Every structure is written in structure tokens, then in C-alpha cells.
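Biologist: I'd like to learn how to read a model like this one. Can we go through it together?

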Amino acid sequence: MTMRRSVNFIDAEMVSATDRGFTYGDGLFETVRVHHGNAPLWHRHLSRLHDGCARLHLAHPDEKRLHAEVMRLCDGLDDAVVRITLSRGPGERGYASPAEPRQTIVVASSPLVLDRAAHEQGIAIRLCDTRYGDQPLLAGMKHLNRLEQVLARAEWSDTSRSEGLMRDLFGNVISATAANLFVVLDGRFVTPPVDRCGVAGVARAEVMACRQVRVEAVSLEQLVKADEVFLTSAVRGILPVRAFAGRTWSPGPLTRALQTHWRGLGLSLPWNEGSDT
């Protein structure tokens, strides 16, 4: 099935060439998993979207209308991934915001297929040379400018490596290109701060709400000595890391417990789809 799209709540494929999301990256986006007509992390997506709107001085979208559009475009899909893109809308040449912005909202849905082996056995990851810049004004937000991640992801084409880790300018590990990072050190959950760079993921927020997590810098040395390492993604869920920089792991008990929590939210894993056990 092909992707379904709407622009400003009307089925369409195109936006204006003068849209500030296209010309300046002036906007935000969310990537939501919808499973059997339910989006269990919707409230977290909405909270982050509202926070980003406030920080970028964008009007908040109509929550009920946006949710209804997401569900409409997922109708008939058992498992779907939905991208919501919100921009300031069309504008004239120059950085100054339009006096009366006309926001653009694009909603796109497509079927989702998860990798069973990745969730069962874990994934191998690599280290990226591209680093995050230091910009606390934008840190945490899922704004439309993802060039750092684009450059990092372009560093490899080896399919044996599913993700790449990105560091800040000081050499601390921040996240993967499209997921947040957690390590287990002596039984403690630790995740890097995202107050100066990186994205504050909704899956990261869910883990931090259900477990005691320390937010502190993570060095490469700490990472390779960790008892467990896993990535979090709103779409892919809890992904164990099985190999990095010559170190290997098996999915540990704390990672497995979080996968169980994930399923309890109503977000099925690839090996237990349709199971009640």
C-alpha cells in the first residue's frame, strides 16, 4: 500500500514552494506509531509538539482535528507509522516571519513492518564522525532541520550496521541518528542529556517515566563497559544493542523488562503480534 498524505486536512501531495518548512526548515515534526487504531504515545507526541510550538512561536494545532486526521489516514492499517509535519507556512523572501502566518500541516501514513531479529537479538551499531553542534535554543526539539543526522547517516551503507552513534563537540555520546541511547551501568539506567543538542524522544520520556533514570554524560569508555545498551524510538520501540566497537552484548534483563512494558502499552513487538501470552 502506498503512502497516504493530506495537506491542511485535504488529501494532497504538494505544498507551496515558498513554504518556510521547505525554504528554512521553519517547523516541527512528529513520527507516531499507530497500532490497531491506537497511538499509545500520542500524549507524549502532543506534549513535545506543543513545547516546540511555544519555543518557535508557532500556533498550537487543533488537537482533536489532528488526531482525527491521523486516525483517518491509518484506517484499515493494522500497524502504521505517521509523520506529522507542521511548518510556519508560506512566506516571502527573507528570514522575518510573516505578519500573519498561515501554517501548513502535512500528515502522511504508511504501513509499518518491524524487524523481528532486531528486537529479539539486538542490532550492531557504529560510531559516526559527524557530531552535533551546540545549540541549546533548539536542543530537544524535533525541528525540521535534520542535516546533522542526514550527514551522519550518509557515512555508511553497510547493512550489517543498523544505526550510528553521534557525539557532541566534547566527545560525549548523545544518541543514535534516529533513536535515543540508554546504558545500564552497575544496575543503573543512564541516558545522555539533550539540553544542548539532540532530540528529547517520546520513547525516552516513556522510559524515564516508568524507571529511575540518571541523566548524565556518557563517554565512549563508559558505553563499551556497560552491562546493557539499548536504543529507544517511538516507532521501533526498545532496540537492544548487541555489538559496538568490538564489544558484544546479549539483550539483558532490564532491556527485556522494558520491551515487556512496551507491549503493555499496546505496542506489539514483532514476535508477539496477535499473542495474548
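Biologist: Which helix is Lys225 found in?

Modeller: First, a word on the source: this is a predicted model, where local features need pLDDT of at least 70, side-chain atom pairs count only at pLDDT 80 or more, and totals for chains, interfaces and linings use all residues. Residues are numbered from 1 along each chain as its sequence is written, and side-chain values use heavy atoms, with hydrogens and water left out. Now, helices are DSSP runs (H or I, at least four residues), strands are too (E, at least two), and both are numbered from the N terminus. Lys225 sits in helix α7, residues 220-225.

Biologist: Is Lys225 buried or exposed?

Modeller: Buried means under 20% relative accessible area, exposed over 50%, partly exposed in between (1.4 Å probe, protein chains only). Lys225 has 66%, so it's exposed. Across the chain, 51% of the 277 residues count as buried.

Biologist: How far apart are Lys225 and Arg211 in space?

Modeller: They're 21 Å apart, C-alpha to C-alpha, and 14 residues apart in sequence.

Biologist: How many helices and strands does the chain have?

Modeller: Eight helices and 14 strands. The C-alpha atoms fill a box of roughly 55 × 45 × 35 Å along the principal axes.

Biologist: What does contact sequence separation look like here?

Modeller: Contact means heavy atoms within 4.5 Å. Among contacts between residues at least 6 apart in sequence, 71% join residues at least 24 apart.
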